[in-house]
Amino acid sequence: MMKTRENNDFLESTLPDITDWSSINWNKTKKYVDKLQKRIYHAESLNNSRKVRDLQRMLVNSKAALLVSIERVTKINKGKCTPGIDGFRVLTNDERAELFDNMKNMNINLHKLKPANRKYIRKKNGKFRSLGIPVIMDRIYQEIVRLALEPQVEVNFEPTSYGFRRGRGCHDAASRIMSNIRGGKWEWVFEGDFRSCFDSLSHSFILKQIKGFPLYSLVEKFLKAGYVDNNVFHETKEGTPQGGLLSPLLANIALHGMEKTLKIDYARRKQKNGNIYYNTLGKYRMVRYADDFVIFAQSKEDIEAIYDILNPYLEDRCLELAKEKTRITHILEGFDFLGFNFRRYKTYDGFIHLNKPSKDSIRSFKSKVAELCEQLHGNNVDELVGKLNSLIRGTANYWKPTAAKRIFAKMDDYIWHKINRFLKKLHPHKGGKWIKKTYFPHYNDGKHKCNWILTGPKDNNPLIKMAWTQCCQVDFFIFR
């Protein structure tokens, strides 16, 4: 048992000798790391920079942070099975324990980084997005840096920033947008997108924002580590490569400051019951999710001025706007953001503001359904039901806060036609009655009754309907 003393407070790291990875008390280990992060956040909120640095050093040198980082990098994160340029992977608990034993006495400040492995993935528009995959050990140290740096910078991050932040997500950003447009005043919209944001961000600007951070030199090494593409080494003089665990945080650090550029401010107010709330002040409102953002104004003149207002912000960060994705629209035309469409609809008795799944998001879902049915042709129905259920459940939950009731019904119709075609191709010599008897038994779960629910004959697992998910908004007009 190891104890650390700081300002007469004892913090227990609860680190047994690693003989069996599964025997580690993860609850206590993660609680220790979380407690240190909260103390860093609190010290930064009090502008106690010396205590912030001391706590950060304590965290990055703790065995608990190393354990948590190894667990996340090699077991929890999506890219856990993807190797870097050395081809090294850690897939078992024995390998994780061995890696911990090798790293526990290393000095993180003396770590020598290896270049990232450049990979490409296709985007919706047909172009490719580059990913930089660091080696396992580099990823672990990036995670340790993130654990120490994130609580410090979170104190000052803008409330209108939602991407890659703990406890915030796409639905929170969508809710903020709806609160802006619902009143009817903020009707002009600036849809913004940075061109190759992650590949273009200024290293010097990022490093300037974290000056004084105990692992400043290691962050600089991460930024300048370079990458290997097709067995050829390339230097990185700018940008934070996507694929690194630290890159989203560094991008948020760099992109912070748009509210100040737009002169958005907040006034603290106290209600009679003692509750505290904040009024937003200024000519603009904004919402940013990573490198995508929207800005709202009350007049066309104010929204057109955004191009000039953002120039200093862009120049400092070595960024430019993507002309093909940046445009000015009116709320009556609507705009897409994070897979949602936001629009004001004119009715006989006034206006209504609705948030619906965007056309691109609907097309993407249909494409995934069709692709699954095509890929699994010739396989058993149980496998198809399992994979479709996962896709339907995830998409329905993402669209749930919108006015998507009619869209849910349309998607169910689309899925029905696809599975009907799948079954006919699977059993070309069987008639409709046989298919109905084999795959569509009477379904009754107490909430829903139906005679046409596809059910896997082996696992008896039914295909869920998207319409069973209750939407939070209605998709017909309710007058304000």
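In this predicted model, His330 is buried, with a relative accessible area of 12%, a value that falls under the 20% cut-off for burial. This residue belongs to strand β12, which covers residues 327-330. Once neighbours within four places in sequence are set aside, the contacts of His330 are with Glu187, Trp188 and Arg344.

At the N-terminal end, α16 is capped by Asn380, which places a side-chain oxygen 3.2 Å from the backbone nitrogen of Asp382. Asp382 is itself among the buried residues of the helix, a set that also includes Val381, Leu384, Val385, Leu388, Asn389 and Trp399. The packing partners of the buried residues of α16 are the strands β14 (340-347) and β15 (350-357), together with the helices α15 (359-375), α17 (405-426) and α18 (432-439).

Turning to open space, the second largest pocket has a volume of about 540 Å³. Its lining consists of 26 residues, of which Asn156, Gln209, Ile253, His256 and Gly257 are the closest to the centre. Two or more lining residues come from each of α5 (136-154), α8 (203-209), α11 (258-261) and α14 (311-317), and α14 gives the most, with four residues. By residue class, the lining of this pocket is made up of 11 nonpolar, seven polar and eight charged residues.

Definitions and conventions: Residues numbered from 1 in each chain as written. Predicted model: local features only at pLDDT ≥ 70, side-chain atom pairs only at ≥ 80, totals over all residues. Heavy atoms only, no water. 1 Å grid on protein atoms, 1.4 Å probe; cavity = no way out; pocket = protein on both sides within 12 Å on 5 of 7 lines; lining within 4 Å. Points joined across faces, edges and corners; volume = space filled by probe spheres on them. Nonpolar A, V, L, I, M, F, W, Y, C, P; charged D, E, K, R; others polar. Buried < 20%, exposed > 50% of the residue type's maximum accessible area, 1.4 Å probe, protein only. Contact = heavy atoms within 4.5 Å. Polar contact = N/O pair within 3.5 Å; in protein donor to acceptor, adjacent residues only side chain to side chain.
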